[in-house]
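Q: I'd like to learn how to read a few features off a model like this one. Could we start with the charged pairs?

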Amino acid sequence: MMFFVPSHSGPGPGVTATVIVMTTSAHLPSGAPSEGAIPADGSVTDRLVDANGQYAAAFTDPGMDARPVLQVAVVACMDARLDLHAALGLELGDCHTIRNAGGVVTDDVIRSLTVSQRALGTRSVVLIHHSNCGLEGLTEDFRTDLEMEVGQRPTWAVEGFRNVDQDVRQSIQKVRTSPFLLHTDDVRGFVFDVKTGLLREIEPA
């Protein structure tokens, strides 16, 4: 996969990056417990806040505009194994990233894409689903179980699926047919393999 990345520091040559695989291991703050461990007191949020303090101590304002440099919005699953910036060779400021369970194109995703395009200048949409997704095989019985447990039926749909390729095709179609989006000619969908780190493009229906 090739990306031409314009310079973030003003005029000058861009950088071309070939992206083959990504890492899926978690990155823990310096001095944090062993990988994947939760502190005994359960203060995961405190650990994150401490890490932010270290980050802020060395932080300098990059002086970027709110408009993504590459004029692209990426819609992807919230799965913790997907490190999108590493997988796509992206840098801070390159793209808008919109994530939810399954990378589903919901009304709220269309809302975000509409703002992204109409207010902040993006033109391309990349949709990324992945193998071994938690929504695969999940049915609307999930909502029924919730209703029985809490006494109120969720207003949202689970959006589970059985075939990830078909789910990507459905997402492509939802974006391409939205009346609110200005740019629907460059909408492409992919399945990310969590075992190899490779993207596999899905042809639209």
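Q: Which side chains meet in a salt bridge with 2.9 Å from N to O?
A: The general idea: a salt bridge is a side-chain nitrogen of Lys or Arg within 4 Å of a carboxyl oxygen of Asp or Glu. Here, Arg200 and Asp165 meet that way, at 2.9 Å from N to O. Arg200 lies in strand β7 and Asp165 in helix α5, so the pair ties together parts that are 35 residues apart in sequence. Helices (H or I, at least four residues) and strands (E, at least two) are DSSP runs, numbered from the N terminus.

Q: What should I know about the model before reading on?
A: This is a predicted model, in which local features need pLDDT of at least 70 and side-chain atom pairs count only at pLDDT 80 or more, while totals for chains, interfaces and linings use all residues. Residues are numbered from 1 along each chain as its sequence is written, and side-chain values use heavy atoms, with hydrogens and water left out.

Q: How many salt bridges turn up in the whole structure?
A: A search finds 6. One of them joins Arg188 and Glu201, at 2.7 Å from N to O. Arg188 sits in strand β6 and Glu201 in strand β7, so this pair links parts 13 residues apart in sequence. Another is formed by Asp108 and Arg111, whose closest N and O atoms are 2.7 Å apart. Both of these lie in helix α3, 3 residues apart, about one turn of the helix.

Q: How do I read the pairing of β6 and β7?
A: Strands of a sheet pair through backbone hydrogen bonds, either parallel or antiparallel. For the count, two strands pair if DSSP finds at least two bridges between them. Strand β6 (residues 187-192) and β7 pair in the antiparallel sense over 4 bridges. Among the residues involved, Phe190 has Glu201 in β7 as its bridge partner.

Q: What is the order of the strands in the sheet?
A: The 5 strands run β4-β3-β5-β6-β7 in an open sheet with mixed pairing. At the edges are β4 (95-100) and β7 (199-202), each pairing on one side only.
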